[in-house]
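User: Can you walk me through this model? I'd like to start with confidence, then packing.

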Amino acid sequence: MEELLAAALSLMVTLAGFSLVLASVYNAENALGGAGFEQGRLVYVSYTGGYVYAFYQGVTVGLKTPVEVYANGSWTPSATLYNGALIRAPSTDGRLVVETDRGPLVASP
C-alpha cells in the first residue's frame, strides 16, 4: 500500500512538473514565433525512479534507440518521436541523450 501511495505521489509530482513545462514551452513558442524547432528539442521534466522524463517539441524524428512514450494512459516503446510527446528513458545520472536521425537531443537538469 505504501508503494502504491509513493508511486501515485511520484506520478502527481511528475504531471505537475509536466504542466509547468508545457506552460513555459507554450509561452516561449509564442514569444519566439516558433523559430528554431527544425531539429526539435527535449525539455527536461524530472528524474524519478531511475527514469528521466522529458517533453519533445519539434518535427517527427526517427530514433536509433527506442524510448518509452506516454500514450493512451501507458508507457509504450517507440522508435519515433512526434511533436508533443512525453517520453521517459532509464538513466543513472539524471541526464537523457536521445540519438535521432537528425542528430542527438539532450535533456538534463
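This is a predicted model: local features need pLDDT of at least 70, side-chain atom pairs count only at pLDDT 80 or more; totals for chains, interfaces and linings use all residues.

User: What does the pLDDT average over the chain?
Analyst: The chain averages 81, and 72% of the residues score at least 70. pLDDT is the predictor's confidence in each residue, from 0 to 100. Over residues 30–37 it is below 50, and beyond near neighbours in sequence this stretch has five contacts in the model (contact: heavy atoms within 4.5 Å).

User: Which residues touch the most other members of the largest nonpolar core?
Analyst: L42, Y56, V67, L81, I87, L96 and V98, out of 16 residues. A nonpolar core is a set of buried Ala, Val, Leu, Ile, Met, Phe, Trp, Tyr and Cys residues joined through side-chain atoms within 4.5 Å. Buried means under 20% relative accessible area, exposed over 50%, partly exposed in between (1.4 Å probe, protein chains only).

User: Which element gives the most to this core?
Analyst: β3, with four residues. Strands are DSSP runs (E, at least two residues), numbered from the N terminus.

User: Switching to A85. Where does it lie?
Analyst: A85 is in the loop between β4 (74–81) and β5. It counts as buried because its relative accessibility is 9%.

User: What does A85 touch?
Analyst: Leaving aside residues up to four places away in sequence, A85 touches A54, F55, Y56 and V69. The C-alpha atoms of A85 and Y56 are separated by 5.2 Å, at 29 residues apart along the chain.

How values were computed: Residues are numbered from 1 along each chain as its sequence is written. Side-chain values use heavy atoms; hydrogens and water are left out.
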